[in-house]
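Please consider the following note alongside the coordinates.

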Amino acid sequence: MAERPFNKIIIVGAGPSGLLLALLLTRHGIPVLVLEASHQLDQQPRAAHYGTPAIPEFRRAGILPTMRERGLILSTMCWRLPGTFDWISGFDARGVIDDIDGEDLRTHCFVLQDLDALMLEEVRKHGGEVVFNHRVTSVGQDEKKVWVDVEVLDGENDNKEVKEKKRFEADYVVGCDGAGSVVRKSLFGDEFPGFTWDAQIIATNTFYDFEKFGFHDANFIIHPENFYMAARITQEGMYRITYGETPGLTKEEYLARQPSKFETILPGNPKPSEYRIVNFSPYKMHQRCAPKFTVGRVLLAADAAHLCNPWGGLGITGGFVDVGGLYDCLAGIWDGKADRDILELYSEKRIEKWKTVINPISQENFKRVTDEDPQTRLERDEFLRLLRKGKEDKDFMRELLLGFNEVRYDFTQHYKK
């Protein structure tokens with residue numbers, strides 16, 4: 001058997017993007033080591049809805065049947081007026097994109113903690129190595145190899161002691177270590193061009209009966225202050241309720257304000273006894289993109305490479321699409337179908353997609369849900385008007401919804417002929 005062009009890849013971060021990349025690589029027979037600083041997978045409420053462009057990556061990773069069995073598929077999405085919750089515009093994807101060449105491309109939903117656990121199990125099943133309590137502190141490289149310096153931590157809390165220090169070497173290091181990426185900072189320091197929104201978002205996982213109010217699978221309530229999203233995330237009736245709050249308060253203050261907030265904004269004006277919150281997590285939103293995603297043997301993907309606000313799911317979906325593209329590049333090199341310069345193309349094309357698709361659309365998504373005048377948003381919003389047109393024309397709606405695949409890029413077209 002011919003000698004392979006490289007021997008090993010280190011992935012920093014056992015989050016969704018790192019685990020998906022590890023799974024794709026290990027299924028292809030490429031040796032992988034994943035280093036995670038925490039003692040466990042992240043348990044905070046984060047993305048749970050994965051759009052049409054991500055579905056092919058789940059199929060290639062072999063996890064789509066399990067996701068469908070344990071999770072659910074969203075068909076209906078709409079935008080509503082505050083207070084009355086009257087329907088403004090939206091769509092029903094049933095009979096539209098649920099059978100595209102035999103594949104169901106509707107938005108898939110599987111709580112991220114459960115998706116991460118599934119991918120971790122599969123990575124290990126296929127021979128990949130994932131280690132926790134390994135905090136990467138620096139990254140270095142030369143012409144022949146790349147290395148990471150790691151603190152091995154002892155314990156299962158925030159006050160973990162450093163048990164020992166190690167250095168791991170590989171042919172490539174991929175930073176999938178999130179917004180505060182150590183890998184990115186090793187390349188660019190604090191340079192992460194873009195901005196942070198002057199807004200505060202609270203993400204909750206909550207059991208509440210939205211169905212009795214006629215709510216759809218995913219609902220966006222438009223209001224300059226009391227905007228929110230309520231989207232189903234489990235078969236048992238749990239919803240992701242993500243809402244806006246006043247910036248600058250502590251988590252304890254946000255928790256204290258939450259009952260009043262829900263009573264004000266949710267249909268039925270519920271008291272705390274009428275719903276059950278499972279997770280509660282305040283976070284800030286950003287629109288940022290690293291200068292490059294490839295520097296020598298060091299690569300960046302997903303949140304380590306770029307950030308966007310979560311309205312519309314382009315952050316997590318875009319991250320998974322990054323990973324699929326990077327996998328094609330690395331597998332192409334491994335198989336002798338591509339040269340290393342395809343990794344420069346990965347950087348170029350994925351940055352281009354962030355600038356032309358992810359960044360502008362995600363910004364418009366947030367501006368839509370926070371509009372100052374919800375009553376007139378429809379007449380000023382071409383996308384909402386196009387959705388209304390698609391309600392009467394399934395072929396038009398199909399073309400509109402499949403348009404989100406513009407975020408994808410096929411790197412295999414650059415393989416050697």
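1. The model is predicted: local features need pLDDT of at least 70, side-chain atom pairs count only at pLDDT 80 or more, and totals for chains, interfaces and linings use all residues. Residues are numbered from 1 along each chain as its sequence is written, and side-chain values use heavy atoms, with hydrogens and water left out.

2. An open sheet of seven strands runs in the order β6-β5-β15-β16-β17-β14-β18, with mixed pairing. Its edge strands, β6 (87–92) and β18 (276–283), each pair on one side only. From one strand to the next, the twist averages 15°.

3. Within this sheet, β5 (residues 76–80) pairs with β15 (residues 218–221) in the parallel sense over four bridges. Trp79 stands opposite Phe220 in β15. Pairing requires that DSSP find at least two bridges between two strands.

4. The contact (heavy atoms within 4.5 Å) includes Leu386 and Leu387 of α10 and Phe396 and Met397 of α11. Helix α10 also lies across β5 and β6, running at about 55° to β6.

5. Residues lining the second largest pocket include Asp198, Glu225, Phe227 and Phe366. The lining divides into five nonpolar, three polar and four charged residues.

Conventions:
1 Å grid on protein atoms, 1.4 Å probe; cavity = no way out; pocket = protein on both sides within 12 Å on 5 of 7 lines; lining within 4 Å. Nonpolar A, V, L, I, M, F, W, Y, C, P; charged D, E, K, R; others polar. Helix = DSSP H or I, 4+ residues; strand = E, 2+ residues; numbered from the N terminus. Axes fitted to C-alpha atoms, helices over the stretch in contact; angles between N-to-C directions.
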